[in-house]
Amino acid sequence: MNTASRKWVPYAFLSPYVLFYLAFGLFPIVFSFYVSLTSWDGIGGKTFVGLSNYKYLFDPDSHFFQSVGNTLLFVAVTLPVQMALGLIIATLLYSRWVQWKGFFQLINFLPYIVTPVAVGLMFNLLFDWQAGFVNKVLVELGLVDEGIYWLGEPLTARIVIVLMLIWKGFGYTMVFYLAGLANVPKDLHEAAQVDGASALRVFWSITLPLLKPVTAFIVITGIIGGFQLLEEPMLLLTGAGMGSSVAVIGGPDRCCLTTVWNMYDTAFGSTTRYGVGAAIAYGLCVIIAVFSFVGARIYKGDSE
Amino acid sequence: MKTMHGMRRIAAIGVIGLLAGLLAACGGGGSGGKGGEASGSAPPEGSASASAPASASDSGGADSGGNEDLKGEFVIWTWEPEHPTALAAFNKKYPNIKMKRVNVAAGDVPKKLQTTLASGGELPDVIRIERGQKAKIFDMNILEDLSAEPYNADTTKLFDYDIPAFSVDGKLVAIPDDMSVAGLAYIKPLAKEYFGTDNPEEMEKIFTDWDVFIEKGKEVLQKSGGKVYMFPSLGDVNDILKGQRPQSYFDGNKLNVSVLEGVVSLLVKFRDAGIVDKLDQWTPAWNASFGGDKHIFVESPVWMPQYVIGPNDKKEDRWALMVPPGGGFIRGGSSHGIPKGAKHADLAWKWIEFTSMSQEGAEAQKTDGVFTHYKPAYDNPDFTRWTWPNFGSQDIGKKFFVDISATTKDMPENINDTYLDEAMSIVLQTLAKDSSFGVEQAMERIEKELKAKSPDITW
């Protein structure tokens, strides 16, 4: 078999991936962009409306910027705490003072692998106004006279979501920091100790700067992941609903409506406006792209 | 060298196989449907082919007036567990019709319908429709008119209030399955203590309208030192008042403001009187309230004793059922509709007709714990007789299906009602936590929410 007759071989080997990508990657991307330019309920025909769905995103009724703001708030509050907590635990686990390292690594990582639906429902039960464990404890300890309406007030509902996200996410940052710590050369630590540097000084001046690439990676992936937040707040705030009862979308005053939840509700939930839903998805895509771009620049700057 | 050559051949065959599989999977939309059809080996749509061999015929089928010529398999989307007695009775009558259940959660039915339609997929032959999703599904305009050819549903066999509720533009698009008339259940010892009687008929004489009810509630609150409430949740009150509204909330896209304002005003009155506890419906606390002694009344649809009160209150003979002030109302319940173009609509219709519109079906379903909307069955007191341990010896069947049913009405709903339901849940939550939130603010909030969901709605 000569070379000319074997030209098809690379194409043949690449084609399964390319076809998969065209069918399940590129086509949905292009099609959903086309849908975002139409008014469509999935049943009747599509009516081309140009950019009016994108224009609608600037209307307060679309809740687009409110949902982006909520999502940013959750990311801005939870990510630093998750990182700090992850770093502290990773440092402790990496130190020589902690026994049973594998066990504690597993225990701290477990919340991250709990399915988001279960997390939402679990916190819903914990923070239930009347029957929740948290209120029972607070009342029992005499800290409050009657249970706090955690999920009924905007501020407390947000606090619960932040707590939930921190609990779920710190294990993820811990694992990355553990890997980062393993890559910090031991001789640098030893040299600093010989020079008389305290443990805190070593951590601050050697460990932390060398963990910068890991930190940048966590920030970028954390922001992207944070923008995709949906199941946890949705289940937390609507999970108790059964039968014909209608849940309040986005929690009290839509304080916890995330961008993806807004998209889901617009396209598949209380309304079926696929066009607006697709426009929200593209709006979110632009925001994620901007943050990823900025993050990548920072990451690149660090590497250099 | 030979080995290399062989390896290349194997790799090439592998790649071709993978590609063929991928292409087959991508083009599988149409053929998948055909595969499904073949499994039933059914004759073409609408046929009652006489040529169908009556293999191993079941004499029971012929005796019970069945039709063995109807043959094939129909597909139903449902979340409901199988009703074994009803299915066995149906199979006896139609031994050659098979049912294929596809499990779809009640709340997912509209979504699944929409995505199936949008992707050009195949719809089932029957859809079970939960009341909360009814308006949305009806609005899709995908259901057959069951009062027209070839179905010719006999609407006289249903209750009068069913017809407007399951019709769109004068076309009957679904047949209600399980009864969902609702009354008012109450805890007898509490009623005796605060109202001097626990007899349902005497209670009905005391509570002539909601104003009297609110006044009595204030007395209870005072006597109990603020510990005993009339209802556990404002959501319960809303369900009742909404169910009793004199007219539809919407006439097309026009909101009937006076009707809505009437309901909201009464809700505010209930809230201001302090006679309703602040529990959220369907929460553990709300469920637990049925086993306690802090809440006298609760709305009670037909399914409430079996599915809510029973599991949450293990004490027997503690409850009684009465006609609410203002009469009975509808709460929950499900219906069946046939999508336009269903391949086995004829078979699907036989299932609906048998289970929801025949005496045999009504009796079989009753054995499975379901009361159907087949009206003639309720002429027989033996059929309506139904007791439940929590309600002691009270014939709640008679109370539900005779006394409450006689005062029940139902209103048609459209897609705008689903938006209003969502707006009302926000209003209810705010009413419960903010005592300064009044009728005016509630109406403003509803207007804002409705405008955001559907700009076409007019006031």
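Q: In this predicted model, what is the strand order of the open sheet of five strands in chain B?
A: The model is a predicted one. In chain B, five strands form an open sheet, and the pairing in it is mixed. Reading across, the order is β2-β1-β3-β13-β6.

Q: Which strands of chain B stand at the edges of that sheet?
A: An edge strand has a single partner strand, so one side of it is left without a neighbour in the sheet. In chain B that applies to the strand at 97-103 and the strand at 175-176. Those are β2 and β6.

Q: In which sense do β3 and β13 of chain B pair, parallel or antiparallel?
A: Strand β3 of chain B covers residues 126-130, and β13 of chain B covers residues 334-337. Four bridges link the pair, and I127(B) sits opposite G337(B) of β13(B). The sense is antiparallel.

Q: What angle does helix α6 of chain B make with β3(B)?
A: Helix α6 of chain B takes in residues 131-139. This helix packs on the sheet and touches both β3 and β13 of chain B. Its direction and that of β3(B) make an angle of about 125°.

Q: In β2(B), which residue is the bridge partner of F74(B)?
A: Start with β1 of chain B, residues 72-78, a mostly covered strand with six of its seven residues buried. β1(B) pairs with β2(B) in the parallel sense, over seven bridges. Across that pairing, the partner of F74(B) is M99(B).

Q: How many residues of domain 2 of chain B are in contact with domain 1 of chain B?
A: Chain B splits into domain 1 (65-179 + 333-379) and domain 2 (181-331 + 388-453). Taken over C-alpha atoms, the centres of these two domains of chain B are 29 Å apart. At the contact, domain 1 of chain B supplies 14 residues, and domain 2 of chain B supplies 15.

Q: Which element gives the largest share of the side of domain 1 of chain B that touches domain 2 of chain B?
A: Two elements of chain B give two or more residues to that side of domain 1, namely α6 and α7 (162-165). By type, the residues of that side are eight nonpolar, three polar and three charged. The largest share, four residues, comes from α6(B).

Q: How many of the eleven residues of helix α18 of chain B are buried?
A: Helix α18 of chain B, residues 396-406, is mostly covered. Its buried residues pack against β7 (181-187), α9 (200-206), α14 (304-312), β11 (319-322) and α17 (381-384) of chain B. Among the buried ones are F400(B), F401(B), K399(B) and D403(B). The count of buried residues in α18 of chain B is eight.

Q: Which two residues of chain B does a cis peptide bond join?
A: The place to look is the loop between α6 and α7 of chain B, where P150(B) is found. Omega at the bond is about -5°. The residues it joins are E149(B) and P150(B).

Q: Is H63(A) buried or exposed?
A: H63(A) lies in the loop between α2 (52-56) and α3 (64-94) of chain A. Its phi is positive, about 60°, although H63(A) is not a glycine. A residue needs 20 or more other C-beta atoms within 10 Å to count as buried. H63(A) has 23 of them, so it is buried.

Q: Is W100(A) buried or exposed?
A: W100(A) also has a positive phi, about 50°, although it is not a glycine. Its place is the loop between α3 and α4 (101-113) of chain A. W100(A) has 10, so it is exposed.

Note on methods. Residues are numbered from 1 along each chain as its sequence is written. Chains are lettered from A and ligands numbered from 1 in the order in which they are written. This is a predicted model: local features need pLDDT of at least 70, side-chain atom pairs count only at pLDDT 80 or more; totals for chains, interfaces and linings use all residues. Two strands pair if DSSP finds at least two bridges between them. Two residues are in contact if their C-beta atoms, placed from the backbone, lie within 7 Å. Axes are lines fitted to C-alpha atoms, for helices over the stretch in contact, and angles run from 0 to 180 degrees between N-to-C directions. Domain bounds come from an automatic or database domain assignment. Ala, Val, Leu, Ile, Met, Phe, Trp, Tyr, Cys and Pro count as nonpolar, Asp, Glu, Lys and Arg as charged, and the others, Gly among them, as polar. A residue is buried if 20 or more other C-beta atoms lie within 10 Å of its own, exposed if 12 or fewer, and partly exposed in between; C-beta atoms are placed from the backbone.
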